[in-house]
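Student: I have a chain open on my screen and would like to go through it step by step. Could we do that by question and answer?

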Amino acid sequence: MSVRPHHPLPTRQAAMLRRAEVLSAITLVALACTAVLMYLAMGESQAMKTAWAEDLLSMVPPLGFLLAARFSRKPPDATYVNGRARAFDIAFLASAVALSGVGVWLVVDNVTALATREHPAIGSVQLLGHHVWLGWVMIAALLASAIPPVILGRLKIKLARELHLKPLHTDADMNKADWMTALAGVAGIIGIGFGWWWADAVAALVIAGDVLHDGVRNMLHAIRDLHDARPETVERGQADPVVERIRERVMALDWVEDCELRLHEEGMRLCGVLVVVPRDQRALAPRLAEAQATAREAHWRVDDLVATFDQALPAEVPAPDAPA
């Protein structure tokens, strides 16, 4: 059984992928530390509980990305004849499903808290011989937890765009949700301090709604990618400009009358079919190879590409008459 040719990443992109893996590993360590801090300062605050749950949930995207990056490096073999680039798509879907599931749970939990009019009580703790309102401890923990996501998210979003890695982009989105969650939690705790019992649950509900929205949106996009839909940018909603760039390069060949690209995404790479309409039928085999090579050289993301001619080929141009 033949396997797909293995086209490893160019040197620059391979280095960027390793950098993304380092950032994901740092993210896991930072989230573990902040989750412990949040748990110790949680008390009875719904916003704190929701923020803590989101910190735990935020570990899913970087963990899935690390596993997918490791798996995708292996070349095609007798079992995975088409390679392992889809590992990133599977990680994207798994993260989205986890986000959606926990988002539903958080929304239901916080709506219940509002409906039953739960009044959270924030007591005091003794620190260095002084009684301190626990709300200040919670606010300090929330603000401390917001610092790593701001830095890591900005670094990851740049790499996600360069590498066209949607799981990494989802991870960066989660980092944004993390620091927004922290600020919403601070607002809820301050509201409790003013005697607004509902402020805590409302802040938690806002956090939960954001988690659910991101989860459902990413899940729909992940399913779309697994259905081999047309390539889109990592921000979504717009056609990937790389496809048009490849077409322009092929159309620049002097013997090409027209061409069509039927590409889909497999992880960060593009795969599919290139259909070429030549101006005539001369030297078809070498021309087909040239069109395929031109398309692959147009961008590093082009991986497995099958080049073929359109069935309605133009008539063969007769050879010129021999000189008298």
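Tutor: The questions below go from the whole chain to single residues, and the model is a predicted one.

Student: In what order do the helices and strands of the protein chain run from the N terminus on?

Tutor: The secondary structure of the protein chain comes to nine helices and five strands. Read from the N terminus on, the order of these elements is α-α-α-α-β-β-α-α-α-α-β-β-α-β.

Student: Among contacts between residues at least 6 apart in sequence, what share joins residues at least 24 apart?

Tutor: The protein chain has 324 residues, and buried residues make up 47% of them. For contacts between residues at least 6 apart in sequence, the share that joins residues at least 24 apart is 70%.

Student: Which residues does Ala 35 contact, leaving aside neighbours within four places in sequence?

Tutor: Ala 35 belongs to helix H1, residues 11-41. Its relative accessible area is 5%, and buried means under 20%, so Ala 35 is buried. Beyond the neighbours within four places, Ala 35 is in contact with Trp 52, Asp 55 and Leu 56.

Student: What kind of aromatic pair do Phe 65 and Phe 88 form?

Tutor: The structure holds four aromatic pairs. In the pair of Phe 65 and Phe 88, the ring centres are 5.8 Å apart and the planes are at 35°. Planes under 30 degrees apart would count as stacked and over 60 as edge-to-face, so this pair of Phe 65 and Phe 88 is tilted.

Student: Why does the pair of Phe 65 and Phe 88 tie together parts that are apart in sequence?

Tutor: Phe 65 is buried at 0% relative accessibility, and Phe 88 is buried at 3%. Phe 65 lies in helix H3 (residues 60-72) and Phe 88 in helix H4 (residues 87-115), so the parts that the pair ties together are 23 residues apart in sequence.

Student: What kind of pair do the rings of Phe 71 and Tyr 80 form?

Tutor: Phe 71 is partly exposed at 29% relative accessible area, and Tyr 80 is partly exposed at 36%. The ring centres of Phe 71 and Tyr 80 are 5.4 Å apart and the planes are at 85°, so the pair is edge-to-face.

Student: Which residue has its charged end over the ring of Phe 71?

Tutor: A charge sits over a ring if, among other conditions, CZ of Arg is within 6 Å of the ring centre. Here the distance to the centre of the Phe 71 ring is 5.1 Å, and the residue is Arg 84.

Student: How far is the C-alpha atom of Ile 223 from that of Asp 89?

Tutor: Ile 223 is in helix H7, residues 197-226. Its relative accessibility is 36%, so Ile 223 counts as partly exposed. Along the chain, Ile 223 and Asp 89 are 134 residues apart, while their C-alpha atoms are separated by 8.8 Å.

Student: Which helices does the salt bridge of Asp 225 and Lys 166 link?

Tutor: The side chains of Asp 225 and Lys 166 meet in a salt bridge, with 3.1 Å from N to O. Asp 225 is buried at 3% relative accessible area, and Lys 166 is buried at 6%. The two residues are 59 residues apart, and the bridge links helix H7 with helix H6.

Student: Which residues make up the network of salt bridges?

Tutor: Arg 224 forms a salt bridge with Asp 225, the closest N and O atoms being 3.8 Å apart. Arg 224 also meets Glu 232 in a salt bridge at 3.3 Å, N to O. The network consists of Lys 166, Arg 224, Asp 225, Glu 232, Asp 240, Glu 265 and Arg 301.

Student: Arg 269 is buried yet has no salt bridge; how far away is the nearest side chain of opposite charge?

Tutor: Arg 269 is in strand S4, residues 269-278. Its side chain reaches the backbone oxygen of Trp 300 at 3.3 Å. A salt bridge needs a nitrogen within 4 Å of a carboxyl oxygen. The nearest side chain of opposite charge to Arg 269 is Asp 303, at 4.2 Å.

Methods: Residues numbered from 1 in each chain as written. Predicted model: local features only at pLDDT ≥ 70, side-chain atom pairs only at ≥ 80, totals over all residues. Heavy atoms only, no water. Helix = DSSP H or I, 4+ residues; strand = E, 2+ residues; numbered from the N terminus. Buried < 20%, exposed > 50% of the residue type's maximum accessible area, 1.4 Å probe, protein only. Lys, Arg positive; Asp, Glu negative; His and termini not counted. Polar contact = N/O pair within 3.5 Å; in protein donor to acceptor, adjacent residues only side chain to side chain. Phe/Tyr/Trp six-rings, centres within 6.5 Å; stacked < 30°, edge-to-face > 60°. Lys NZ or Arg CZ within 6 Å of the ring centre and 35° of its normal. Contact = heavy atoms within 4.5 Å.
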